[in-house]
Amino acid sequence: MLQFERFTLNNGLRVLVHIDKATPMVAMNILYDVGARDEEANRTGFAHLFEHLMFGGSMNIPVYDEPLQMAGGENNAYTTNDITNYHLQIPLKNIETAFWLESDRMLSLAFSEKSLDVQRKVVCEEFKEHYLNKPYGDAWHLMRKIAYKQHPYQWPTIGMNLEQIETAQLDDVKAFFYKHYNPLNAVMCVAGNITVKQVKELSERWFGNIPSGDKYVRNVAAEPAQQEARTQTVHADVPLDALYKAWHIGPRLTPPYYATDLITEIMGSGFASRLYQRLVKEEQLFSNINCYHTGSLDPGLVVIEGKIREGKSIEAANEAVEAELAKLVAGGVTDDELQKAKNKIEAMIAFEDMTLLSRANNLAFYELMGDAAMINKEWDHYQSVTKDFLRETAQQIFRTENSNTLFYKKKT
Amino acid sequence: MVLDRKTPPAIHDAIEFDYVLPPINTVKLDNGLPLYWLNAGVQDVVEIDWVFRAGLWHEQKPSVAHATAGLLKNGTSKYTAEQIHESLEFYGAQLKVNAGNDFSTVTLYALTKHLPSLLPMVYEILTDAIFPEHEIEIHKRNAIQRLLVNLRQCEFVANQKIDAMLFSETHPYGRFSKKENIEALEREDLITFYKNWYSLATAKIFMAGRVGDKEVKCVNDFFGKIKATPSGAQEPNFIPHEVIEKTAQIVNDPNGVQGAIRIGRQFHNRHHPDYAPMVVLNTLFGGYFGSRLMSNIREDKGYTYGIYSSITPDMHGGSLIIHTETGRDVTEKAVKEIYKELDLLRNKVASEDELLLVKNYLLGGLLGDLDGPFSILQRWRTLILNGFTKEHFNNNIRIYKTVTAEELRELAQRYFKQDDFCEVVVV
């Protein structure tokens, strides 16, 4: 059970306060309601590039990191397809430094050419390091494109290609800032040995006079229901064939989402999971295999991916996966399997709540989804999934016409 | 009153704070095995580590330590691999086995309430692993396939190469797994290694989380009854090696768009008096986001997504290595800049402001680290495995707080000479 209080400033900024009397640190998490799904198709990767620019100086503070580090703080940020999240941790005594720094960059950036110029290069190197100079690095660029035809989930947060990042202009940066970075589009959570009164005062002082800006109204294309199975084959310079499969699932906060999460635990998480046991250990078609889902806010994907054992055929491996799914759909899961999956989730929630920062981050995220209090209902949602409902969900997901398959083959 | 946004709010310097390492309890189980434990945190979770002197240092044949770790959970005389994994995963627990240079560590993460259900199986694994032949075959094949994928990556190849250059491939710290080493593994190798080095008699057990007497009793019930007798295996000895190869250029991926750079030297272990001040110098140089290397090579030149320098202290020595991946066309320029930064620290005393910032950053982070049960346990584990007491921790804090810019320059003059470094570039 995570305790919290919340208030909203006059300019619309939502603030959550989580009290933890045991820690000497304070965590501050600011989540902006903008991710790669809000990008234009010809400006992909921009939300993430922009996140880098948030460290390049703001209106009154030439650099962000130095004063934070001087105050004993540490920070980072990340961008997903849905959101951009900034988080820091600092000794409680220096809490005001956090308010000073974060409020100034919400007020306005410095928009420096030098910063844009350098960060374009840095992000291009990040792109190369993780997506180009790595075997199978482009698999998700391909997979997203196969699975999504309308929705902007068809590109990854790093962006569709290097060119779009290389050509980003300062005017684009400014427009993006004014559209998305304002109190109305943000949620802040402050956690530590603090009082609500104290956080209220500090928030009023530092964030209170930032203009509200305009509420960004999201208007992204919904992905139409998939009508037929999609398959693509590529050849690349990799040592082993790899199989990627994906199916569309329901949106976050709906009962099928929780059932899907449990399905992925049963099918492909851990050495005792079905796919690992049958296909790596018994049939020995794969050298490794995983099942997970993308966890996105708009309807996401459940994914199965694995590397094919040398000498085995990727087509046979694909059929074996299909056969395991057919078994799941026809026979459902056992009581023990369902209980195991729930036990795993229960442990995961407890471990996640261990760090202050993770609690602050999760509270902000649930508030963004509608209400921070929902976080305390999550476990109940998992608990209430029955075997029958899990099987119904599996039937709904693992239909042939809902499937997307990428055969990623080594060049011969 | 108009809000002054230009002037930073007054801060308390982290060097002024007190740093108290929460105490750890030491008990002896009924059979004399040491258990170190501490109760902290509010979540109902527990971590238990069984630490064995079973590192790469102890293997009689390459790749044995990793294979033993990888297969430890895959069969006892009573249970199959599947049954073992099932019984652990059913409770949402994780049991990880990691083989390091000096130690292998078996770590259990679980909800505290499930401890009585989990410990019997951990006991089975630690006392009766049998390494079935068919499990070894699968493991070998999959390990080789993983290796083949990793070898395509410049950074993986560069990591292997720099260790080999610093320590030589005949030394456990410089050795790395090759396909033929994995192929040559035999069941007998694993069993011998397990018998010699995974001996509970010489293990140390660490526990932290929301735990108390009940959990201590639980550990004693399962691990305090066995008569633990040392295997008698003699700790091997290796002679430090002279560096022969100073630079290496490797073409690994002719069509790649990036190169991996590693520049490193041997460095002392935690027992040397220069170790603690070097932590401060290394942080300033390449240990955090505001470091000299990051400011120059990422934030000014944009050559890389990230560049760091890290110290790896092992029991019998260690290393200090600078690592980065840069654009293929700028590897040479990046290497030049790295040496320039080393020179700068030798020739010019860092400003008081910069040093204060580094100290505040380092100590501020430490304050957060002394917060969670697992991070407190990790500090204690390091101290205890090195034979240190709390005084060592307190002494390090004193050094972090008081080391001067001039002392750091002397340190740089001693350890940041370009000639003492080995250099690898893999493209």
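The legends below describe close-up views of a predicted model.

Local features require pLDDT of at least 70, side-chain atom pairs count only at pLDDT 80 or more, and totals for chains, interfaces and linings use all residues. Residues are numbered from 1 along each chain as its sequence is written, chains are lettered from A and ligands numbered from 1 in the order in which they are written, and side-chain values use heavy atoms, with hydrogens and water left out.

**View 1. The interface of chain B and chain A.** Contact means heavy atoms within 4.5 Å. By that rule, 69 residues of chain B meet 77 residues of chain A. The two chains bury about 6,100 Å² between them. Carbon and sulfur atoms carry 57% of that area. B:R5, B:E89 and B:Y305 supply 13% of the area that chain B buries against chain A, more than any other three residues. Buried area is the accessible area (1.4 Å probe) that two parts lose on being put together, summed over both.

View 2. The rule finds 7 salt bridges between chain B and chain A. A salt bridge needs a side-chain nitrogen of Lys or Arg within 4 Å of a carboxyl oxygen of Asp or Glu. B:E86 forms a salt bridge with A:K340, with the closest N and O atoms 3.3 Å apart. Helix 12 (residues 352–369) of chain B gives the most to the side of chain B that touches chain A, with 9 residues. Helices (H or I, at least four residues) and strands (E, at least two) are DSSP runs, numbered from the N terminus.

**View 3. The hairpin of strands 4 and 5 in chain A.** Strand 4 (residues 74–79) of chain A pairs with strand 5 (residues 84–91) of chain A in the antiparallel sense, over 6 bridges. Strands pair if DSSP finds at least two bridges between them. The hairpin connects the two strands through 4 residues. A:T79 has A:T84 as its bridge partner in strand 5 of chain A. Side chains alternate along strand 4 of chain A. A:N75, A:A77 and A:T79 point to one face and are buried. Buried means under 20% relative accessible area, exposed over 50%, partly exposed in between (1.4 Å probe, protein chains only).

**View 4. Strand 5 of chain B and its two partners.** In strand 5 (residues 104–111) of chain B, 7 of its 8 residues are buried. Strand 3 of chain B runs antiparallel to strand 5 of chain B, joined by 8 bridges. Strand 4 (residues 94–99) of chain B is also antiparallel to strand 5, through 6 bridges. B:S104 stands opposite B:F52, and B:A99 stands opposite B:S104 too. Strands 4 and 5 of chain B form a hairpin with 4 residues between them.

**View 5. The surroundings of B:R265.** B:R265 lies in strand 8 (residues 258–266) of chain B. B:R265 counts as buried because its relative accessibility is 13%. Its side chain reaches the backbone oxygen of B:Y415 at 3.2 Å. Not counting residues up to four places away in sequence, B:R265 touches residues including B:L166, B:G318, B:D420 and B:F421.

Key:
A polar contact is a pair of N or O atoms within 3.5 Å; within protein, one must be able to donate a hydrogen and the other to accept it, and residues adjacent in sequence count only if both atoms are side-chain atoms.
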